[in-house]
Amino acid sequence: MKFAIASTILAAAAVAVSAVSVQQLPLPFDEPGVSVLAAPTKPIPGDSPIAVCDIDTSQILDIKYLKIDPNPPLKGAELYIEGEGYLAEQINDGSFVELEVRYGFIRLVKETIDLCEQLANADRPCPLEKGTIKFSKTVELPNEIPPGKYNVIARAYKEDYQMIACLTASVEFPRN
């Protein structure tokens, strides 16, 4: 399997960072005064700055390893993402990803993305069957990403709001 949930989440996050568009969309899990970036995390084996977040919450995707190349990501370069995991349940239409990107403390992107639509764009339509999944994805990062530290969090949910996975990363793009 060439593409799966984590690569969709990370590719969406990479594209969101590159877009640097300021959006303030309400999400169903917002709590006033609580940052969606504040969550207990656990490193993922492999070569990447990406970690599993919300580790106290049951998640149906268990990521065995995840690597990115180059690490750290470089603006103006292709970012290759590869990994493997185990999906404990089938993913159906109606599944979605909540994505937030911050530049320091400034929220740049906050949106809800249709997970099955993203999977279909990669020729992996829903339903996505349970079992072992291997995935890879290449995304082009534009050269116009402003320098600074970006914090990304992506929470994927099934149509019944059961958490598929929570992934977070902090990436710093230096000045040229």
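An open sheet of three strands, ordered S3-S4-S7 with antiparallel pairing, is one part of this predicted model, where strands (E, at least two residues) and helices (H or I, at least four) are DSSP runs numbered from the N terminus, and two strands pair if DSSP finds at least two bridges between them. Its edge strands are S3 (61-69) and S7, each of which pairs on one side only, and neighbouring strands of this sheet are turned by 15° against each other on average, direction ignored; the angles run from 0 to 180 degrees between N-to-C directions, with axes taken as lines fitted to C-alpha atoms. Within the sheet, S3 is joined to strand S4 (residues 78-87) by eight bridges, and the two run antiparallel, with leucine 66 standing opposite glycine 83 in S4.

Residues are numbered from 1 along each chain as its sequence is written. Because this is a predicted model, local features need pLDDT of at least 70 and side-chain atom pairs count only at pLDDT 80 or more, while totals for chains, interfaces and linings use all residues, and side-chain values use heavy atoms, with hydrogens and water left out.

A second open sheet is formed by six strands in the order S1-S2-S9-S8-S5-S6, again with antiparallel pairing. Strand S1 (41-43) and strand S6 (106-114) are the edge strands, each pairing on one side only, and the twist averages 20° from one strand to the next. Inside this sheet, strand S5 (residues 96-103) and strand S8 (residues 148-157) run antiparallel and are joined by eight bridges, and valine 101 has valine 152 in S8 as its bridge partner. Strands of a sheet pair through backbone hydrogen bonds, either parallel or antiparallel.

The structure also holds two disulfides, a disulfide being a pair of cysteine sulfur atoms within 2.5 Å. With bonded cysteines counted along the chain, they follow the pattern 1-4, 2-3.

| Disulfide | S to S |
|---|---|
| cysteine 53 to cysteine 166 | 1.8 Å |
| cysteine 116 to cysteine 126 | 1.9 Å |

The link of cysteine 116 and cysteine 126 is left-handed, with -90° about the S-S bond. Cysteine 116 lies in helix H2 (residues 115-121) and cysteine 126 in the loop between H2 and strand S7 (131-140), so the pair ties together parts that are 10 residues apart in sequence. Cysteine 116 is buried at 6% relative accessibility, and cysteine 126 is counted as buried at 16%.

As for confidence, the chain averages a pLDDT of 81, and 78% of the residues score at least 70, pLDDT being the predictor's confidence in each residue, from 0 to 100. Over residues 1-8 the pLDDT is below 50, and this stretch has 37 contacts in the model beyond near neighbours in sequence, a contact meaning heavy atoms within 4.5 Å. Residues 12-36 likewise stay under 50 in pLDDT, and the model has 48 contacts beyond four places in sequence for them. Where pLDDT is low, the predicted coordinates should not be read in detail.

Definitions and conventions. Buried < 20%, exposed > 50% of the residue type's maximum accessible area, 1.4 Å probe, protein only.
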